[in-house]
Amino acid sequence: MELELATDLGKLYRGDCMDLLAEMESDSVDVVFADPPFNLGKDYGRGITDEMKEHEYLDWSRAWITECARVLAPGGAFFLYNLPKWNISNGQSMLDLGLLFRHWVAIDIKFGLPIQKKLYPSHYSLLYFTKGKPKTFERPRLPIDVCRHCGKDIKDYGGHRNKLHPDGINLTDVWFDISPVRHKRTKNRGANELSEKLLERVLTIASVPGDMVFDPFGGSGTTYAVAEKMHRRWIGVEIGDCSHITNRLIGVENVVDMPNAGDSVRKPRKRLDRIEAS
Ligand SMILES: C[S@@+](CC[C@H](N)C(=O)[O-])C[C@H]1O[C@@H](n2cnc3c(N)ncnc32)[C@H](O)[C@@H]1O
């Protein structure tokens, strides 16, 4: 498998995640985050199909889910982001593999498109399973909602406002505060880029610095960029064009040249923390 980029914390490979998974040791990663193609016929570049027959897509999903569950360490967390329709079967595959169900997180989609003769779809599903009892679980708190104009609380908390924790409200399994990456200025590539806030939250909940994070579907490299910022180690793979990822990560100050890994391994150019602002 071709190594595209290496940093002190992570390695990005170009190729099929199933080939990389076949080389990975069992019980070797602490968090899996997977955001696969949704089989909606999107164009991910030459040779990548996003339009399989339904049973083929589900068989393929079960195959990579099985491999991800194998490489996950005991107590590790497996997050799978997909359409609710696919995550019904994906969740069943995860249960069949003996993983422990933690949550179906509904991620509110703002400004989705209405579908004729159906309810207005307004969430994506984020499955959260662990391999046995979770070894890390940190419950984030959200700031108490205040009115943008007057600065006063939006809810009255049934008269129990004074009993709320000063650090904020416990996070629920419905996330309203994850905005899609739509603005051209903030996008690292054309489509399907997740918000860094989503990955920050996932890694806060289920990992500590130094843990190993694996994302089998690189895309624009959001998982890897956030892992770098949060000092997690990572393994990444992308079957298509990796330039969006390398351009995004190339600024990490600890990206190193690996003399034995071939010409494709890149050297640092600018710091990661400047990338988002540029
Ligand atoms: C929905 S995107 C991931 C987006 C990513 N989470 C981000 O925030 O940028 C899915 C990616 O998986 C890649 N992909 C599809 N099949 C793959 C495979 N078998 N192995 C590795 N990558 C694959 C696609 O090329 C696409 O870039």
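Angles under 35 degrees count as roughly parallel, over 145 as roughly antiparallel, 65 to 115 as roughly perpendicular and the rest as oblique. Helices are DSSP runs (H or I, at least four residues), numbered from the N terminus.

The structure is a predicted model, in which local features need pLDDT of at least 70 and side-chain atom pairs count only at pLDDT 80 or more, while totals for chains, interfaces and linings use all residues. Residues are numbered from 1 along each chain as its sequence is written, and side-chain values use heavy atoms, without hydrogens and water.

Helix α2 (residues 54–71) packs against helix α3 (residues 84–96) at about 40°, with axes 10 Å apart. Axes are lines fitted to C-alpha atoms, for helices over the stretch in contact, and angles run from 0 to 180 degrees between N-to-C directions. The pair α2 and α3 is therefore oblique. Their crossing is right-handed (the near helix is turned clockwise from the far one by less than a right angle). From α2, the contact (heavy atoms within 4.5 Å) uses E54, Y57, L58, S61, R62 and I65. From α3, K85, W86, S89, N90, S93, M94 and D96 take part. This α2–α3 contact comprises 5 nonpolar, 4 polar and 4 charged residues.

Helices α4 (residues 196–206) and α5 (residues 222–229) pack at about 55°, and their axes are 9 Å apart. These two helices are therefore also oblique to each other. The crossing of α4 and α5 is right-handed. E196, L199, E200 and L203 of α4 touch T222, T223, A225, V226, A227 and K229 of α5. By class, 5 residues are nonpolar, 2 polar and 3 charged.

The ligand is surrounded by 21 residues (a heavy atom within 4 Å). The closest are D35, L194, S220, T222 and E238. Polar contacts are pairs of N or O atoms within 3.5 Å. A polar side-chain atom of E238 lies 2.6 Å from a ligand oxygen. A backbone N or O atom of C17 is 2.9 Å from a ligand nitrogen. The side chain of D16 places an N or O atom 3.1 Å from a nitrogen of the ligand.

Definitions and conventions: Nonpolar A, V, L, I, M, F, W, Y, C, P; charged D, E, K, R; others polar. Polar contact = N/O pair within 3.5 Å; in protein donor to acceptor, adjacent residues only side chain to side chain.
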